[in-house]
Protein chains: 2
Amino acid sequence: MPIVWGMAEDVFKALADPTRRHILDELTERDGQTLFEICARLVTKHGLALSRQAISQHLAVLESAGLVHSRRQGRYKFHDLNTEPLECIVTRWLRPDAPGEHL
Amino acid sequence: MPIVWGMAEDVFKALADPTRRHILDELTERDGQTLFEICARLVTKHGLALSRQAISQHLAVLESAGLVHSRRQGRYKFHDLNTEPLECIVTRWLRPDAPGEHL
DNA sequence: ACGATAGGCAAGCAACGACTTGCCTATCAA
DNA sequence: TTGATAGGCAAGTCGTTGCTTGCCTATCGT
């Protein structure tokens, strides 16, 4: 019975965009940021001049991939990084006997 | 001094396509396959009915990302999997103190 | 209640990516 | 040498995607 990697689809597509990877970098540094915080820090620290909606759509992609969880609190929405989906996606192609594969 | 992940760009884009991931699956199972072999096995084992050129272009993407190495021998061109670029791309977002991250 | 702040929805656009088609080159076997 | 096999190159199509723009809802402070 072959292994099915169906759930990995969204994760790989989410990771394909450099802006989304920068967002994950931001959340790795500090969890629980709001949309406006992420926008500001992407501008100041990475030089990305993107609209609020662009970031919002990226966050939606990351969330539907399971890489980001969000919790609403009043008018704020805080975003947390979730690395769980990353765990299975690389070991998929690692051969047990090959050298130099020390994750 | 911030870390630069420039070389990861091609790797993530290469992994974003499901067909390319199937190709990596094939090469994980058996190294040194030719283009026609990969075509045949994608059809029979994964039900993918793609043209030879489609697979060829996918292999070019994988090769320029460093995930596949190729060696020419007569009229054959053999393809080998190279997992080295995969080593740094996931640990990027893993926090050392978080639970459940046992790669 | 009112304005300001935080965020969402939807249509439109421009660029990219996957795939096909057609034709060409190179190597091997007879 | 001729035909068959393995692969490469380039243009064209078509769906996807990243981003913008405009407008709307919800919550908070005063």
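**Close-up views of a predicted protein–DNA model**

View 1. E26(B) is buried at a relative accessible area of 1%, K45(B) is partly exposed at 41%, and E29(B) is exposed at 55%, where buried means under 20% relative accessible area, exposed over 50% and partly exposed in between, with a 1.4 Å probe and protein chains only. Helices (H or I, at least four residues) and strands (E, at least two) are DSSP runs numbered from the N terminus.

This is a predicted model, in which local features need pLDDT of at least 70 and side-chain atom pairs count only at pLDDT 80 or more, whereas totals for chains, interfaces and linings use all residues. Residues are numbered from 1 along each chain as its sequence is written, chains are lettered from A and ligands numbered from 1 in the order in which they are written, and side-chain values use heavy atoms, with hydrogens and water left out.

**View 2. Side-chain pairs between chains A and B.** The structure holds 20 salt bridges over all chains. In one of them, the side chains of R21(A) and E9(B) meet at 2.7 Å, N to O, and the pair crosses between chains, from helix α2 (residues 18–29) of chain A to helix α1 (residues 8–15) of chain B. R21(A) counts as buried, at 4% relative accessibility. D25(B), found in helix α2 of chain B, is likewise classed as buried, at 15% relative accessibility. A polar contact of 2.8 Å joins the side chains of D25(B) and R92(A); a polar contact is a pair of N or O atoms within 3.5 Å, and within protein one must be able to donate a hydrogen and the other to accept it, while residues adjacent in sequence count only if both atoms are side-chain atoms.

**View 3. The β-hairpin of chain A.** Strand β1 (residues 68–73) of chain A and β2(A) pair in the antiparallel sense over 6 bridges, two strands being paired if DSSP finds at least two bridges between them. Within this pairing, R72(A) stands opposite K77(A) in β2(A). The two strands form a hairpin with 2 residues between them, and G74(A) in the turn has a positive phi of about 65°.

**View 4. Protein surface near DNA strand C.** A residue is near a strand if one of its heavy atoms lies within 4 Å of it. Phosphate oxygens of DNA strand C lie 2.2 Å from a polar side-chain atom of H58(B) and 3.2 Å from a polar backbone atom of F36(A), whereas Q53(A) places a polar side-chain atom 3.3 Å from a base oxygen. Helix α4(B) gives the most to this surface, with 4 residues.

**View 5. Protein surface near DNA strand D.** Of the 21 residues around DNA strand D, S51(A), Q57(A), H58(A), R52(B) and K77(B) come nearest. A polar side-chain atom of R20(A) lies 3.1 Å from a phosphate oxygen of DNA strand D, one of R75(A) lies 3.4 Å from a sugar or linking oxygen, and one of R52(B) lies 2.9 Å from a base oxygen. The largest share of this surface, 4 residues, comes from α4(A).

Terms used
Ala, Val, Leu, Ile, Met, Phe, Trp, Tyr, Cys and Pro count as nonpolar, Asp, Glu, Lys and Arg as charged, and the others, Gly among them, as polar. A salt bridge is a side-chain nitrogen of Lys or Arg within 4 Å of a carboxyl oxygen of Asp or Glu.
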